[in-house]
Every structure is written in structure tokens, then in C-alpha cells.
Amino acid sequence: MKVGDYYPDIIVNDQVILELKTVESIRPEHEAQLLNYLRSTKIEVGLLLNFGLKPQFKRLIYTNDRKKSLCSSVPSV
């Protein structure tokens, strides 16, 4: 079921999603946003880059085999 539109900041070679922020520090909701992007695409690797006062980065991975197992466990409507 479509619940919204997906607009990544940058996709590199159809292999990595870059989510760019300019905040004081990376928060759990920023990680959740990137994780949701990874779950909804075939891309497995995401980088969360914060260009705030103190630059930070976080690498998240969500493998496609985990996505397949989630789809098979959801009952069809």
C-alpha cells in the first residue's frame, strides 16, 4: 500500500542512499527515516551525513534478503 512519496537526497550508482542533514546532532528519527528508505527500495546501504557544527556520519545496512522475508510474512489482502 502506498503511503507517501519517496524523495532521496542523493542516490549513488543505484547502490547507496545519502541522506543529508544540517542539525546539531544525528537523532534516532533521522536514522529511522533512512532505514525506511532502505526498506522501501532495493538499495541495501545508506549513509546519514550531518553537516552541523560537528560533522557526523552513520552507515546503515538493510539487506534485500531481510526485505523478502518481511514481504512473505505479511498476509495478502
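**Figure 1. Contacts of Tyr 6.** Leaving aside neighbours within four places in sequence, Tyr 6 is in contact with Ile 11, Ile 17, Tyr 37 and Thr 41. The model shown here and in the other views is predicted. Tyr 6 lies in the segment before β1. Its relative accessible area is 26%, so Tyr 6 counts as partly exposed.

**Figure 2. The four-stranded sheet.** Four strands form an open sheet in the order β1-β2-β3-β4. Their pairing is mixed. Strands β1 (10–12) and β4 stand at the edges. Each has a single partner strand, so one side of each has no neighbour in the sheet. Direction ignored, neighbouring strands are turned by 20° against each other on average. Strands of a sheet pair through backbone hydrogen bonds, in a parallel or an antiparallel sense.

**Figure 3. The β1–β2 hairpin.** Strand β1 and strand β2 (residues 16–21) run antiparallel, joined by three bridges. Ile 10 stands opposite Leu 18 in β2. Three residues lie between the strands of this hairpin. In the hairpin, Asn 13 takes a positive phi near 50°.

Figure 4. Strands β2 and β3 run parallel and are joined by six bridges. Val 16 stands opposite Val 45 in β3. Further pairing involves Glu 19, whose bridge partner in β3 is Leu 48. To get from β2 to β3, the chain passes through α1. This β-α-β crossover is right-handed.

Figure 5. Strands β3 and β4 pair in the antiparallel sense over six bridges. Leu 48 stands opposite Lys 58 in β4. Leu 48 is also the bridge partner of Glu 19.

Figure 6. The side chains of Lys 58 and Glu 31 form a salt bridge, with the closest N and O atoms 3.1 Å apart. The pair links distant parts of the chain, 27 residues apart. Lys 58 belongs to strand β4 (residues 56–61), and Glu 31 to helix α1 (residues 28–39). Are these two residues buried, partly exposed or exposed? Lys 58 counts as partly exposed, because its relative accessibility is 35%. Glu 31 is partly exposed as well, with a relative accessible area of 23%.

**Figure 7. The salt bridge of Arg 27 and Glu 29.** The side chains of Arg 27 and Glu 29 meet in a salt bridge, 2.8 Å from N to O. Arg 27 has a relative accessible area of 44%, so Arg 27 is partly exposed. Glu 29 also counts as partly exposed, because its relative accessibility is 42%. Side chains of opposite charge can pair when their charged atoms come close.

**Figure 8. The salt bridge of Lys 21 and Glu 19.** How far apart are N and O in the salt bridge of Lys 21 and Glu 19? The distance is 3.3 Å. Lys 21 is buried, and Glu 19 is buried too. With this pair in view, the count of salt bridges in the model comes to three. Glu 19 also has a place in the sheet, where Leu 48 in β3 is its bridge partner.

Conventions. Residues are numbered from 1 along each chain as its sequence is written. This is a predicted model: local features need pLDDT of at least 70, side-chain atom pairs count only at pLDDT 80 or more; totals for chains, interfaces and linings use all residues. Side-chain values use heavy atoms; hydrogens and water are left out. A salt bridge is a side-chain nitrogen of Lys or Arg within 4 Å of a carboxyl oxygen of Asp or Glu. Buried means under 20% relative accessible area, exposed over 50%, partly exposed in between (1.4 Å probe, protein chains only). Helices (H or I, at least four residues) and strands (E, at least two) are DSSP runs, numbered from the N terminus. Two strands pair if DSSP finds at least two bridges between them. Axes are lines fitted to C-alpha atoms, for helices over the stretch in contact, and angles run from 0 to 180 degrees between N-to-C directions. A crossover is right-handed if, with the strands pointing away from the viewer, the path from the first strand over the helix to the second runs clockwise. Contact means heavy atoms within 4.5 Å.
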